[in-house]
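I opened the coordinates to look up a few local features. My notes follow in the order in which I took them.

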Amino acid sequence: MKRRVVLVDDHDLFRAGVRSELGDAVEIVGEAGSVAEAVPLIRELDPDVVLLDVHLPDGGGHAVIAQVAPERPGVRFLALSVSDAAEDVIDVIRAGARGYVTKSISGADLIDAVKRTADGDAVFSPRLAGFVLDAFRTGVAPVDPELDVLTTREREVLQLIARGYRYKEIAARLHLSVKTVETHVSAVLRKLQLSNRHELTRWAAERRLI
Amino acid sequence: MSSTPYRLPLALPRLRRAEGEGALAGVCAGIAKSLRVDPTLVRLTFAMLAFAGGAGIAAYGGAWLALAPESGPTPSPRRRLLGFVALAIAVAIALRGFGFSDSLIWPAALCGAGILLARGHSGARLVVGLSLAAVGVIVFVDQNATSNGRDAAFESSAVAIALLLVLGPWAWRLAAERDSERTARIRSQERSEMAARVHDSVLQTLALVQREAGDPRRVAALARRQERELRSWLYPDPRADDAGLASAMDTAAAEVEELHGVPVELVRTGDVPLDDRVEALVLAAREAMANAAKHSGADEVSAFVDVGDDEIAIYVRDRGRGFDPEAVPAGAHGIAESIRGRMSRAGGTATLTSSADGTEVELRLRRQS
């Protein structure tokens, strides 16, 4: 079964590029260029995966997630951006995106990333791994010491991702199964998102979303 | 376009209070200092004015309230307002002392208050201020008409209105001109800076891209370098210090990309200031990246800079063909000297692992506390 994908990016040219790179591997059911367009579209189409630009003219990608995620828990978000600013990327991840890839990603890797996002796995590019390591170390994320500190294993996995290793290579190197590596990465993602839970709840409450 | 800033031809020196230098509150000493005259002269003026119905005393008090001390905070708006009121009273008393009638003083006070109010930038203040001034003119005309006869009144009001009509627009235009000139100058500076930047970077790259159109790897590397440069200009990384490891690695990675046409995916966490040892680390990492780009045949090199609490680690990895480190001829300068030698002299280590799946160079350096 083909994954149903919605593409949210304010550059037509870039959307056309992604469309042609994804080709027949997935089914692109809709496109939007702004937060205001994206939210009703995603609610209506209920896709498997939303490819989401970090920067949109009327707000960040995190605004789309915050408005859609509470009522469409089955929709998974993958951030796709040229943005280098760590805070912006971390914002989208904390809002609930399953991963972040840069726009220079190859077509085959992007297809793979979409599939893994649809399956509920976390998609960490080397750059995102670096951002997350930084966030946990410098306290960009308000860290709840009980919950939010990375374990040694999780840190090792993140460092290997940052070094450019794929999940399979990490598994071989740490003598783990690929599934275990995925579990570690998902745990990191969860910690990052939980560290922001209260903030997110407040944000949603202010806008009468919940 | 000339870039000399426009200045008003007449600018009063800023009056300040010289606290501790005068006999009382330093008002006379401060005014004398600002106007560059002898303080005794100022004191005499105030003393003489004090005999004019007490105007000098009121003026002194007002100046004490309104003037900012030479060092220390400026007075609160309330205090300043009080000061100005006292000064206005002093002026009124003085004018009466000189024999001016109330019919001149009150309209003048109204006009003065109106003009002061109208100096604010908000529209409401302008309207209120101008109305006050107008009321002042009307009162003046009205009172003089009853006391001195109609002819004199018309004459003086005509003069006042003519002055207002001539000077008002002139002052207005002067201020507007100064503002628009300033805005235009800033805008043109911004534009020429932007033009210079675009010319030096984007246009040069586009020209190169056209020339190298047959070589997709080279074109990709050029585009990447340009993207990186433009992005660092548009969104500067507030965490990266110009003289730090992070920005040095950015530069090194960009240079390798440019020289060898292979993209370097650089990921980094943390930053440390550069010193001789850290510089050696950067140079070794640069050599490792260059080797990977030159010899591995991979289409991408990954580099990860991890600044830990007590150690800096840099990993340079490629998915190229790999090689046997033992089989490298002894004369090969790159690995032996530029990487291993450099790292050991800096007190660090270099580890090289290579297989058919690619090569990774691991550089480690303890941080000095």
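Entry one. I started with B:F304, which is buried because its relative accessible area is 0%, under the 20% cut-off. The model is a predicted one.

Entry two. I then looked for aromatic pairs and found two over all chains. One of them joins B:F304 and B:Y315 in a stacked arrangement, with 6.0 Å from centre to centre and 15° between the planes. The pair links distant parts of the chain: I placed B:F304 in strand β4 (residues 301-307) of chain B and B:Y315 in strand β5 of chain B, eleven residues apart. I also checked B:Y315, and at a relative accessible area of 5% B:Y315 is buried.

Five strands of chain B make an open sheet in the order β3-β4-β5-β7-β6, and the pairing is mixed. At the edges I noted β3 (264-269) and β6 (349-355) of chain B, each pairing on one side only. From one strand to the next, the twist averages 10°.

Entry four. I followed strand β5 (residues 311-318) of chain B to strand β7 (residues 358-366) of chain B; the two pair in the antiparallel sense over eight bridges. For B:R317 I looked up the bridge partner in β7(B), and found B:E360.

Last, I turned to the surface. B:L15, B:L35, B:V37 and B:L41 form a nonpolar patch there, with about 320 Å² of accessible area together. I located B:L35 in helix α1 (residues 27-35) of chain B. I logged B:L35 as partly exposed, because its relative accessibility is 44%, which lies between the cut-offs of 20% and 50%.

How values were computed:
Residues are numbered from 1 along each chain as its sequence is written. Chains are lettered from A and ligands numbered from 1 in the order in which they are written. This is a predicted model: local features need pLDDT of at least 70, side-chain atom pairs count only at pLDDT 80 or more; totals for chains, interfaces and linings use all residues. Side-chain values use heavy atoms; hydrogens and water are left out. Patches are made of residues with over 30% relative accessible area and no salt bridge: like charges are joined within 9 Å, nonpolar side chains (Val, Leu, Ile, Met, Phe, Trp, Tyr) within 5 Å. Accessible areas come from the Shrake-Rupley method with a 1.4 Å probe; for residues, only the protein chains shown count as cover. A salt bridge is a side-chain nitrogen of Lys or Arg within 4 Å of a carboxyl oxygen of Asp or Glu. Buried means under 20% relative accessible area, exposed over 50%, partly exposed in between (1.4 Å probe, protein chains only). Two strands pair if DSSP finds at least two bridges between them. Axes are lines fitted to C-alpha atoms, for helices over the stretch in contact, and angles run from 0 to 180 degrees between N-to-C directions. Rings of Phe, Tyr and Trp (its six-membered ring) pair if their centres lie within 6.5 Å; planes under 30 degrees apart count as stacked, over 60 as edge-to-face and the rest as tilted.
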